[in-house]
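Hi everyone, thanks for coming. Let me put the structure up on the screen, and then we can walk through it together.

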Amino acid sequence: MDILNGIVLFANFVIIPGLAYGAQLALGALGVTLIYAVLRFSNFAHGDLMAFGTAATVLFTWWLQSMGVSLGVLPTALLALPVGIVAAVAISLLMDRAVYSFYREKRSAPVIFVIVSVGVMFVLNGLTRLLIGPDDQRFADGARFVIRARDFEAWSGLDEGLALRSTQVLTLVVAVIVVIALFLFLNRSRMGKAMRAYSDNEDLALLSGIDPKKVVFWTWVIAASLATIAGTLYGLDKSFKPFTYFQLLLPMFAAAIVGGIGNPVGAIAGGFIIAFSEVTVTYAYKRVLDYLIPWWEPEGLIQLLSTDYKFAVSFVILVVVLLIRPTGLFRGKVI
């Protein structure tokens, strides 16, 4: 029984949160890797684009809630999500038209785009704070749990209860649907094939009659949509705070690079690798060890790093991968 209690406790605080967080990072990293693969630059504004789209979703969710609209057990934010996606797509296309297109026409070096994206990042960050403020905002409603700890304890007879939040289940379900839809689009649709051709060889794609403006348009549409979905799921699971999404830029880039920058499959794998690395390194194992090794009474929490340093885990992994295997786990053909 002690072993089962230890397993349930570990699942509660490591496995389930790691899966949910990994799915959120994977969706964010997919947007990063798509922009890199097609538009050929690292978009440092992606985290704040995520924050902007999520802020629009939060504001519309509050309006729906004030009007008495709800989805019952599901969060009302799902109804507001299309509005957030439209807002994120609109601001992305506006920034591309006002900023990125100028440097794209001049065929500027990728490092110029990176520097420009930093400027766009600050603009989006300020705009998001102006719209919704800098503080923590909660907008989740509906059923809170799929499985409650007390119900699980009563059913299993264990001392530890397994709790499964509805936002965690929703994150995994939505992530699976979005990833399947994205891969079908890239591999089956005419525009998806055009984007892959443009990514593989821009000059040959242009000679084949592919419209670069349409490729750029759909790249921003998909990247902004992925960012808003990932940001909304993260906000539902935890809370919404603009600065948090700026911090998420590091683990998202780490996920994309660990998996292989430009490779969607690598971005998904990298998202889960980074998420589980952060969760496992910052978790306090004392209670788990009390169950698994009852004769050993460890002093302290048996925690490798404080949760305050969880983003440092992403940075260390990023540096190690760049030093040992800069191409990432899934090197080779992009999208």
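A quick word on the ground rules. This is a predicted model, where local features need pLDDT of at least 70 and side-chain atom pairs count only at pLDDT 80 or more, while totals for chains, interfaces and linings use all residues. Residues are numbered from 1 along each chain as its sequence is written, and side-chain values use heavy atoms, with hydrogens and water left out.

So, what does the secondary structure of the chain come to? It is 14 helices and two strands. Those are DSSP runs numbered from the N terminus, with helices being H or I of at least four residues and strands being E of at least two. The radius of gyration is 21 Å, close to the 20 Å from the globule rule for 335 residues, so the chain is as compact as a globular protein of that length. That radius is taken over C-alpha atoms, and the rule is 2.2 Å times the number of residues to the power 0.38. If you'd like a box around the C-alpha atoms, picture roughly 70 × 55 × 35 Å along the principal axes.

How much of the chain is buried? Buried residues make up 50% of the 335. Here buried means under 20% relative accessible area, exposed means over 50%, and partly exposed is in between, using a 1.4 Å probe and protein chains only. The accessible surface comes to about 16,200 Å², and 66% of that belongs to carbon and sulfur atoms. These areas come from the Shrake-Rupley method with a 1.4 Å probe, and for residues only the protein chains shown count as cover.

Taking contacts between residues at least 6 apart in sequence, 75% join residues at least 24 apart; contact means heavy atoms within 4.5 Å.

Now for the rings. A pair here means rings of Phe, Tyr and Trp (its six-membered ring) with centres within 6.5 Å; planes under 30 degrees apart are stacked, over 60 edge-to-face, and the rest tilted. How many aromatic pairs does that rule give? The count comes to 19. Take Phe13 and Tyr283: their ring centres are 6.1 Å apart and their planes are at 15°, so this pair is stacked. The two are 270 residues apart, with Phe13 in helix α1 (residues 2-39) and Tyr283 in the loop between α12 (264-282) and α13 (286-292), so you can follow the link between distant parts of the chain. Phe13 is partly exposed at 42% relative accessible area, whereas Tyr283 is buried at 12%.

Another stacked pair is Tyr100 and Trp220, at 5.5 Å centre to centre and 15° between the planes. Tyr100 is buried at 1% relative accessibility, and Trp220 is buried at 2%. Both belong to a cluster linked by ring pairs, together with Phe41, Phe102, Tyr103 and Phe113.

Next, the loop between α1 and α2 (46-66), where we find Ser42. Is Ser42 buried or exposed? At 18% relative accessibility, Ser42 counts as buried. Leaving aside neighbours within four places in sequence, Ser42 is in contact with Tyr36, Val114, Ser117 and Phe253. Arg40 lies in that loop between α1 and α2 too. Arg40 is partly exposed at 30%, and its phi is near 65°, a positive value in a residue other than glycine.

Let's move to the loop between α3 and α4 (110-132), which holds Lys106. Lys106 is exposed at 55% relative accessibility. Its C-alpha atom is separated by 43 Å from that of Trp62, which is 44 residues away along the chain. Arg107 lies in the loop between α3 and α4 as well. Arg107 is exposed at 59%, and its phi, near 55°, is positive in a residue other than glycine.

Last stop: Arg188, in helix α6 (residues 166-188). Arg188 is exposed, with a relative accessible area of 64%.
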